[in-house]
Amino acid sequence: MDYDLTRLGTREFEHLTQALAAQILGPAVQTFGDGPDGGREAEFRGEMRYPIPHPDGPWSGHGVLQSKFLQRPKGTNPDTTWFLGVVRAELRQWANDKSKRVRKGALPDYLLFATNVVLSPDPETGGIDLFKRVTQDLITELGLDIKGCEVWHFDQICRYLDLYPNIRQTYSALITSGDVLFRLQELLEGTASELGELLTNHSSKELASDQWVKLGQAGEAENQRLPLAEIAIDPTASYTSLDGNHETVSTVRHILRHGDSVLRPSRQAEVPSHVALIGGPGQGKSTVSQILCQAYRVALLREAKDRLDVDTADTVNSFDDEMHRMGLTMPAARRWPIRINLSEYADAVAGGEPVSLLRYFAAQISRRTPDITPNQLRSWLKAWPWLVVLDGLDEVASPQARDVVMERVNDFIIDARSADADLLLVATSRPQGYREEFSPRRYVHMRLEPLDTIYAVSYAKQLTQLRHRGDPDTASRVLKRLEEAAEDDLTARLMTTPLQVTIMAILLERRQRVPQQRYRLFSDYYQAIYNREASKAGPVAKLIDDYRTTINHLHERVGLFLQVQAERAGDSDAVLSKGELSKITIRYLQDEGYDDVAGGALSARIVDAAMRRLILLVPRKQECVGFDVRSLQEFMAARAIVTADAEQTSGLLKTIAASAHWRNTWMLAAGYIFHERPTYRDRLVTLLDEIQAVDKVSLFVKPASSLAVDLLDDDVAAKAPRFLRSFTKHALELLDDPMEEFEGIHFSNALWNVAELDSPSRAAIEQAVSKTLAAGGHGAVNTLSLMMVNWVGRRGKLAYPVKRNLDKYGGADGGLVSYIGCTLLDQKFLISGLNNESIVLTYKPFIEVAEPYVDLSKVQGGREIYNRIFAGMNIGFIVTPTGEQVAIGANNDAGGSRMDEMAVPGMTDVLIAAAEDVPIDLWMVRHQLRRLCQSFQERQAAGVLLLRSTPEFGELASLLVDDLANS
């Protein structure tokens, strides 16, 4: 069989030839990793098993393998010319006494070239004979003492791959040409070889069903379907590379390139090979995962077009074309893609059943492609590369369900590793409440960046042109309005996510300008959709127009109860049944004075409309309704919360303030207060003080300060300077403690932006920073770190104060604070120190390091509880050139939120006390203790408490789900 070696790329071609060399020449072959190789991919010493037969016997001595990969072959003759030119250059390098390779090592006795170029076997004129003549003549001319020079060309490598199935199977997804899934029996053995037709059918079905973006997912009432391929964009994301560089990349392109590597553990160093994609509401996490899976499906199917139906073949062609529009190339590795919603998986495991991920995959696939078993998938996982997308960890709000889900995910990774599987996992989550459940030891963390203005307008242009294909005047008018919005600073700040740009584009079809605040954007959008539906002809439109108050109430209560349900294990994908919807409506109509007959009849009409679609309520599952987009559910829950009087609203907001699950709802409710209830504003500010002082955990974790950062970032008080300064004051309290990476970036950006907007706020920031640095201790370390990581090099009104403080506290005389700030967060410096051994890295058990500061005598069973909480966690230390020992990071193989252990009376008190006592060189211990308390607090179920605190909510909940009200 011939193989497509071109798709390997330079790096994987080198790896393949290294593997062949080890197989063919013998175990004495030493391979070299990525980086400068000194003219060699591998070298060998001693007696080889190659070549056989040979008149002079096998090679014996020192030899070098050199891989020469041609990225874009043009044909046999020009490719041969290129290869011979490369060979001549290499031989001249070996003859140059001044070259680095000669100075560092002796001239080899044998040279072995490997290339993907096709060399003709024609006698005298063919590439193989030309290679022999060129090398013999040049070795003689240069006076090189080389005993043998051979080439492994395209055909030779293909024959070796036929001969060595273990190597062929490792690279099958990259090298197989033609209709790959129907050639599996030629490539694989056992059960996996029989899956080709079944998996092709499944890929075709998934390709067809996943090809659309429905504007209903943005709440658009007509639920217009647009081709994913034509509207998709590749958002940017930032991450820290292995060499310590802070990189900003196109997300899909970067992940596809990463997926073109062979990720089998036997072929990879111990580095993170999976991806955790972190992004806020509406930033496009799920769309990115959808594009990735479609790209791999098309890569699998594009060469099997004659076996596909016409519609599927057209979809393959369309997506292929549109990938080029996005600047993407088709993945070289044909990974088998599967995507699951983690909230649905959480529901599957909530009952305690041992539903492994592999068993769940088999069940999901078997819904559309019968007779796929877990054992078949296990064979397939071992034989063929996979992409597994785990979408929406943030939607698994229940701590117990999240623990089980992460346990199953980690089990799957362990099983895949034991099978030496070529596995790429891509997991997504919102940053709120995310505590690195996807361990940095296994996952590279990528943070989705806000859309810049140019990219946002480009996406808006695609969207409007697609929505108005037959009406270019409307498309042009909407786009002009969007461009004008992008020129205004406050409206441009709303154009940072695909969801919000979509909402703005739909709004601007009927109005000249959009609001400048996020709550108003959602509110005006809801009203625009409502008015459009009410203006249509027919009985449903009249119903919508006549009963606005009732339908608004229905949306708000459904949003609230679904948000509560989604917090519970087993209800992650929350919906309300037709019967439950009817109870909400009838209860409201009774309060309005309707009798049973009239209220029942009107309720039936409204509920029947909801079963088809009622503004933002859409049919979900059988005879159930919900929201297509969680942000719209959260918006309606926020409206339900703020319908009460000021004190009752404050109480509800206080109840949910610390919860990660309710964070977006809290923010939308605050936006409502600022723009609809201005007399409540001062109460909101005092509420932050109350939230901060609820208990010892709140005083330590500072949830109100985190809320203040979000309020600044949302521009809630952009036109109310008095409140802007109050929020800034609250936010600055976070300077005292180290933060998560994403939390620190968010905090720093919010302060930088408010400093540009308001001079007194800027003065407060400068004063707080200088005061904290001068005080020393943990606060100084954190402040200096934040400045160095997120503020250095930026232009703006804080730039000079930042430079002044860094000069004062970050120089050679800055002591330990300077050293920690400069070293721990400058990863290049740290990596360089580790490489030259001026810095020594060690790991110690967290239990051992923190124990001297934890008074376990104050907790009954404290020793056992403490051990369970920190089992598997280690703290890394570096020993600096000056002898200081500094904690730099933690890793945790155990995972889990440890909610039960943390809930033991007194446990949080002793951990908080320990955090206050640890010295500055153990700042990472304090960080981990704060992180644990923060996770404990923000994972507390707040929804049931919210229902209990309001009679109307509690009574209505008891009508819907008994255990919801009584939990």
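**Figure 1. Strands S1, S2 and S3 pair in the antiparallel sense.** Strand S2 (residues 42-47) and strand S3 (residues 60-68) run antiparallel and are joined by 6 bridges. This view, like the others, shows a predicted model, in which local features need pLDDT of at least 70, side-chain atom pairs count only at pLDDT 80 or more, and totals for chains, interfaces and linings use all residues. Residues are numbered from 1 along each chain as its sequence is written, and side-chain values use heavy atoms, with hydrogens and water left out. Strands (E, at least two residues) and helices (H or I, at least four) are DSSP runs numbered from the N terminus, and two strands pair if DSSP finds at least two bridges between them. Alanine 42 has leucine 65 in S3 as its bridge partner. S2 is also joined by 2 bridges to strand S1 (residues 30-31), and these two run antiparallel. Here glutamine 30 stands opposite glutamate 43 in S2. The loop between S2 and S3 contains proline 51, which is joined to tyrosine 50 by a cis peptide bond with omega of about -15°.

**Figure 2. An open sheet of 7 strands has mixed pairing.** The strand order is S9-S8-S14-S10-S13-S12-S11. Strand S9 (246-250) and strand S11 (336-341) are the edge strands, each pairing on one side only. Direction ignored, neighbouring strands are turned by 25° against each other on average; axes are lines fitted to C-alpha atoms, for helices over the stretch in contact, and angles run from 0 to 180 degrees between N-to-C directions. S9 pairs with strand S8 (residues 236-240) in the antiparallel sense over 5 bridges, and tyrosine 239 has glutamate 247 in S9 as its bridge partner. Helix H34 (residues 741-757) lies across S8, strand S10 (274-278) and strand S14 (443-448), running at about 20° to S14; contact means heavy atoms within 4.5 Å.

**Figure 3. Strands S15, S17 and S16 form an open antiparallel sheet.** The 3 strands follow the order S15-S17-S16. Strand S15 (576-577) and strand S16 (618-619) each have a single partner strand, so one side of each edge strand is left without a neighbour in the sheet. S15 and strand S17 (residues 624-626) run antiparallel and are joined by 2 bridges, with valine 625 in S17 as the bridge partner of leucine 576. Isoleucine 615 lies in the loop between helix H26 (596-612) and S16. Although isoleucine 615 is not a glycine, its phi is positive, at about 55°. Most residues other than glycine have a negative phi.

**Figure 4. Tyrosine 519 and tyrosine 672 form one of the 25 aromatic pairs.** Rings of Phe, Tyr and Trp (its six-membered ring) pair if their centres lie within 6.5 Å; planes under 30 degrees apart count as stacked, over 60 as edge-to-face and the rest as tilted. This pair is edge-to-face, at 5.2 Å centre to centre and 85° between the planes. Tyrosine 519 in helix H22 (residues 518-534) and tyrosine 672 in helix H29 are 153 residues apart, and the pair thus links distant parts of the chain.

**Figure 5. The largest cavity contains about 80 Å³ of space.** The whole structure has 6 cavities of 30 Å³ or more. On a 1 Å grid over the protein atoms alone, a cavity is a set of points where a 1.4 Å probe fits but cannot get out, and lining residues have an atom within 4 Å of a point. Grid points are joined across faces, edges and corners, and a volume is the space filled by probe spheres set on the points. The residues lining the largest cavity include Asp394, Arg402, Arg630, Glu634, His661 and Arg939. Helix H27 (630-641) and helix H29 (663-676) each supply at least two residues of this lining.

Key:
On a 1 Å grid over the protein atoms alone, a cavity is a set of points where a 1.4 Å probe fits but cannot get out, and a pocket is an open set with protein on both sides within 12 Å along at least five of seven lines; lining residues have an atom within 4 Å of a point.
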